Amino acid sequence: MGNAERYVDGFLIPIPKDKVSKYREIAQKAGEIWKELGALEYYECIGDELDIEEMVSFKKKQLTLLKEKP
């Protein structure tokens, strides 16, 4: 890579379990496009039940935000 800087883009997206296979299809196509445009690598990861002690889970935070909406 020479002197080129390396960086990582990351996204956290809530997806209903019944939509995961459709999301994977879309994500695979997106990954191919990103690699054509210069991405060196592409990874797609799914987490489930990611409650970690002493941390607010994404799911709990989203539910809190939805309750706070006017």
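Start by selecting leucine 65: at 34% relative accessibility it counts as partly exposed (buried is under 20% relative accessible area, exposed over 50%, partly exposed in between, with a 1.4 Å probe and protein chains only). The model is predicted, so local features need pLDDT of at least 70 and side-chain atom pairs count only at pLDDT 80 or more, while totals for chains, interfaces and linings use all residues. Residues are numbered from 1 along each chain as its sequence is written, and side-chain values use heavy atoms, with hydrogens and water left out.

Leucine 65 sits in helix H2 (helices are DSSP runs of H or I with at least four residues, strands are runs of E with at least two, and both are numbered from the N terminus).

Next, select helix H1, residues 20-36. Its 17 residues should span 24 Å at 1.5 Å a residue, and its end C-alpha atoms are 24 Å apart, which agrees (the expected span is 1.5 Å times one less than the number of residues). Look down the axis of H1: its buried residues fall within an arc of 45 degrees, so they line one face of the helix (the arc is that of the directions from the helix axis to the C-beta atoms). Those buried residues are Val20, Ala27 and Gly31. On the other side of H1, select Lys29 and Glu36, which are exposed.

A search of the whole structure finds 1 salt bridge.

Finish at the largest pocket, which holds about 1800 Å³ of space. To centre the view, select Phe11, Leu12, Ile13, Glu44 and Cys45, the closest to the pocket centre of the 46 lining residues. The lining divides into 29 nonpolar, 6 polar and 11 charged residues. H1 and H2 (58-68) each supply at least two lining residues, and the largest share, 7 residues, comes from H1.

A pocket is found on a 1 Å grid over the protein atoms alone, as an open set of points where a 1.4 Å probe fits, with protein on both sides within 12 Å along at least five of seven lines; lining residues have an atom within 4 Å of a point.

Note on methods:
Grid points are joined across faces, edges and corners, and a volume is the space filled by probe spheres set on the points. Ala, Val, Leu, Ile, Met, Phe, Trp, Tyr, Cys and Pro count as nonpolar, Asp, Glu, Lys and Arg as charged, and the others, Gly among them, as polar. A salt bridge is a side-chain nitrogen of Lys or Arg within 4 Å of a carboxyl oxygen of Asp or Glu.
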